[in-house]
Amino acid sequence: MKMVLALAAAAVLVGSAAHAERIVMVTHTQGTDPFWPVVEKGARDAAKALGIQFEYNFPPSGDMADMAKLIEAATATKPDGLVVSLPDPAALGNAIRKAAAAGIPVITINSGLEQSRAVGAILHVGQPERLAGKAAGERAKKEGAKKALCLNQEAFNTALVERCEGYFESLGQKLNMIDVSNDVAQIRTRTAAALQADPSIDALLATGPHVCEAAAAAVKAVGAKVHLSCFDLSQGVMKLIKEGQVAFTIDQQQRLQGYLPIVFLHLYNTGAGLLPGADIPSGPGFVDAKNADKVQALAGVDR
Amino acid sequence: MAAQSSLGVTRSEADRLRPGGRLAALARRPEVGAFVVMVVVIVSIAVASNGQAFNALGLKNNLSIIAQFGIIAIGAALLMIAREYDLSIGSMIGFAGMSMAMMLKWGLPFGLGPATPASAFFLTLAMTLAIGWLIGTIVVRSGLSSFIVTLSFLFFLRGLTEVCFRAINGSTQISGLPDFKETSAFAYLFGGEAFGWFYDLWFLSGGNVNRAGAQWVTGFDARLAWWFVVALLAWLVLSRTQVGNWIYATGDNREAARANGVPVDKVRIGLFMVSALCATIFAACQVFETNTADAAKGNLKELEAIAIAVVGGTLMTGGYGSILGVVFGAVTFGLVANAVFFIPAIDGSYYRVFVGVVLLAAVFLNERVRKRITGGL
């Protein structure tokens, strides 16, 4: 019956523009993270360009069980496609498998690359975090980093820890990471404290843009010569790159994580299962003094 | 030493009011437990960090964290003395920060033109005070526990902050605003430096030298001055004015206070507004220092403020507490929150464990001291 309905829907879709294609996106954010609005805007822009009806939802509690419920609720509305982030495959797997079993094509984004197929998704678009960390580490090593410290604002967030681990893997060092918290004043003072406690540190990796800005202030205050590299973008980080205080920042290019799944789902639905042959790494992209000007105009909105 | 009845002193009936003497009288003060804990923490951190925690930059940075904790803890402590809680402090910080940064970036609301740091601050303050008044009025009128009412404002304000950011700004963070503290004296008042003479003197006397041999630190963060101002005003009001007595009476026995003509409801509403004021000052200091704001600003700060008030000897049941104790509590908590980062031997991720242990230990010690003094109050 479901098959018939889906076929009927597809037939109507092909036959007339009256039934708009509808895609639902569910991601894991508590709403305060500046990262996700960029993804959302990417998806909305793609949907608008293709004439697709788009809905977005997230669990404000940050609870994975709540997110699974949202995915189930979205499945119940029988959309033409589902885009979900996959921070916890164990908690979300069943809900996603149910959607896939109901004949809804699912694309996973952001984290969860390794488990994407296992939960029934057709494709994954995201940045492999360890790979991104490694890329940052390789470049830092080339630029003279010897003894490093990783500044992590959420030490229990595995994606951020993987960034640090990849970085240290490239540098050939044991992981040296501190939890700097999300409070901008504490990030600054804790970074300064760590730099003072160990003057041999000559490289810092900040795993978020607000951490990056506060760390730059700390480096200045301590008066240390430190190679500072960061993850993700903000207007402030762009300014610091142009001033030479930050060597580079890794851009996860998350707009692609919003934009591309909509396009891929549309092609999949209208092109008899048209699909790329491999997962799409949206990053890492580098932003440094060379391209900072151009990226700055879009930072926080489209980049 | 205690002036006991040595032979040469003639005794009178009035002596019975002063059993013991100066030291004993000092030991009876409510902040003595907090003071002891603070000294222990300062000494152990100074030793463990090889003095790093209190060199020129360490001192500035530690006092910066202590001051920002101290500002909101005073608002929370005043409320606790009056037997009320404010769980909306953290969200209020987020809301105030968002409001100021948004006005500075996008201009004043209702097409009133571009904002200056002063107009952004005062317009935001008007809003936060109004929200504080609203919270207080709901608590007083409804008779609901302030725990529940402010808990709902914790969610409401955080949600409102996020919605405004997304609707108006398109992103939940604002970063890279012009450096207002360079161009505006008002912004410098919050985000600039204070007590520069302290570091000038330190440099002149041979210390405070950076790796290049020049003067290293030029001044404390301005929030230190704000902390002093807020603490001094709160101390004056609490210990030297009628309003102070009203606050204690409101927390101690509300019905008796009301029967004696204390405007209990006005006191409580006023204190919720003071708490909102403290949160706004906290936010202004951060916004004008870093020229950024994000929707997560101030997250969990309400609990830290309450923790500091308790470490400072304020009773959860109201009617008991002192501003000096809360000042000591802020020093203790601020140091502990940063301390492990000065000690390379300890992995930084242990700091929450450390905070938890010290918090519990401080409260235990505090309780013992207080019970000994007050005879088991």
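Contact means heavy atoms within 4.5 Å, and helices (H or I, at least four residues) and strands (E, at least two) are DSSP runs numbered from the N terminus. This is a predicted model, in which local features need pLDDT of at least 70 and side-chain atom pairs count only at pLDDT 80 or more, while totals for chains, interfaces and linings use all residues. Residues are numbered from 1 along each chain as its sequence is written, chains are lettered from A and ligands numbered from 1 in the order in which they are written, and side-chain values use heavy atoms, with hydrogens and water left out.

After helix 4 of chain A comes Gly103(A), with a positive phi near 85°.

Ala121(A) lies in the loop between strand 4 and strand 5 (123-126) of chain A. With a relative accessible area of 6%, Ala121(A) is buried. Not counting residues up to four places away in sequence, Ala121(A) touches Val106(A), Thr108(A) and Ser116(A).

**The open sheet**

Six strands of chain A form an open sheet in the order 7-6-8-9-10-12, with mixed pairing; two strands pair if DSSP finds at least two bridges between them. Its edge strands are strand 7 (177-179) and strand 12 (285-287) of chain A, each pairing on one side only. From one strand to the next, the twist averages 20°. Strand 8 (residues 203-206) and strand 9 (residues 227-231) of chain A pair in the parallel sense over 4 bridges, and Ala203(A) has His227(A) as its bridge partner in strand 9 of chain A.

| Helix (chain A) | Strands touched (chain A) | Angle between directions |
|---|---|---|
| Helix 5 (residues 129-142) | strand 8, strand 9, strand 10 (248-251), strand 12 | about 160° with strand 10 |
| Helix 6 (residues 158-171) | strand 6 (148-152), strand 7, strand 8, strand 9 | about 170° with strand 6 |

Definitions and conventions:
Axes fitted to C-alpha atoms, helices over the stretch in contact; angles between N-to-C directions. Buried < 20%, exposed > 50% of the residue type's maximum accessible area, 1.4 Å probe, protein only.
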